Amino acid sequence: MPVKTTVFSCAYILIKLNFTRFLKSNMSIQEKETSNTLYRQWQILSRLSTGKWMGTRELQEILQREGIEISLRTIQRDLNQISQRFPIENNGTVPQGWRWRSDAPIQSLPHMTSSQAVTFMMVEEHLKHLLPPSLIEEMNPWFDLARRNLSSQNNVRQWINRVRIVPANQPLIPPLVDRSAQQAIYEGLLQDKQLECIYQPRTSTLTEEKTYTLNPLGLVQKGAIIYLICTRYDKSDIQTFALHRFKSAKVLESRAMHPVNFDIDKYIESGALGFRVDYAKPTEQIEIKLTMSEQDSTYFEECQLSIDQKITKLSDGISMVCATVPYTSQLVWWLRGFGQIIQHIEPDFLMNAVKDN
């Protein structure tokens, strides 16, 4: 083969190899860009809700927290592209706000499994009254989808019909709560903002309503009543306000102030939500000793009074339960419910309170 032909053949092979590498490299870049775009647009789509408008600046901040660096111009372009395929809308303002259309079928998002449907139904039944109305509005399409999914699955739907929560104490009908006040309180807690409220204390008459500025810290349901845990603007001590006694509430622009190292679980464990025996004194922790038959003490083996609880066998058939608990009226009422089952109670002041009818 002539030298000239050989050189030409080699050059042709090199050009072909380089061109093939270029095509593969270019395809790899295109595939990567497409993957990044799909991921980014899915992140944008999953952040939109059915009720609340979300602006491009807010979306940019959310994406940046997810590690996605993106310009406002790109977000706007993505939203315009998404709106051609998915039922989302903008409010036409500057800057624009976006949300899912009210008639958007929830099937536009991933399919709900039967186990997820059961969970949503139980959340709606047992926790709906503890969620902010704005979140409930966003969740309603999911609740509707859960009901539709379960309507065609008899075995799974039966689980909802066969599970109930029964209170351990006397069942009570929950008191009526002012809906607008409740919504404002929930939103204030959700946004961590101060609240301006009109409240009617339990000991006051209808003409003795009081106005407070409150820093919301948490919500606790105790029996049929929901309590707002908070501090007053003019005081530092933590207080509880029954939700049904609020006559009105307004969310302020000012940020709520939190006590240092406040922990809602530790607050509950302290017994602060139990009625005090002496309102002039804070709730105190006391060590109690309950003497009863060994058979009756098995109840406390199954349901302990406290982490430090100990059960000691005193003699044949007799045991003593020792535990550290908050000294509250609730403890006194609860011990009275055992009647003659508890043979002896220590300390003496607790025994006297239980026997004092």
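Cys197 has Tyr212 in S5 as its bridge partner. That pairing belongs to a predicted model. Strand S4 (residues 193–199) and strand S5 (residues 210–222) run antiparallel, joined by 5 bridges. Both strands sit in an open sheet of 5 strands.

**The five-stranded sheet**
- The strand order is S7-S6-S5-S4-S8, with antiparallel pairing.
- Strand S7 (238–242) and strand S8 (246–255) stand at the edges. Each has a single partner strand, so one side of each lacks a neighbour in the sheet.
- From one strand to the next, the twist averages 45°.
- Helix H7 (residues 179–191) lies across S4, S5, strand S6 (225–232) and S8. H7 runs at about 25° to S8.

**Strands S1, S2 and S3**
- Strand S1 (residues 54–55) runs antiparallel to strand S3 (residues 97–100), with 2 bridges between them. Met54 stands opposite Trp98 in S3.
- Strand S2 (residues 88–90) also pairs with S3 in the antiparallel sense, over 3 bridges. Here Ile88 stands opposite Trp100.
- S2 and S3 form a hairpin, with 6 residues between them. In the turn, Gly92 has a positive phi of about 75°.

**Packing of H2 on H3**
- Helix H2 (residues 56–65) packs with helix H3 (residues 72–83) at an angle of about 105°. Their axes are 10 Å apart.
- That angle makes H2 roughly perpendicular to H3.
- H2 contributes Thr56, Arg57, Leu59, Gln60 and Leu63 to the contact. They meet Leu72, Ile75, Gln76 and Leu79 in H3.
- The residues of this contact divide into 5 nonpolar, 3 polar and 1 charged.

Conventions:
Residues are numbered from 1 along each chain as its sequence is written. This is a predicted model: local features need pLDDT of at least 70, side-chain atom pairs count only at pLDDT 80 or more; totals for chains, interfaces and linings use all residues. Side-chain values use heavy atoms; hydrogens and water are left out. Two strands pair if DSSP finds at least two bridges between them. Helices (H or I, at least four residues) and strands (E, at least two) are DSSP runs, numbered from the N terminus. Axes are lines fitted to C-alpha atoms, for helices over the stretch in contact, and angles run from 0 to 180 degrees between N-to-C directions. Angles under 35 degrees count as roughly parallel, over 145 as roughly antiparallel, 65 to 115 as roughly perpendicular and the rest as oblique. Contact means heavy atoms within 4.5 Å. Ala, Val, Leu, Ile, Met, Phe, Trp, Tyr, Cys and Pro count as nonpolar, Asp, Glu, Lys and Arg as charged, and the others, Gly among them, as polar.
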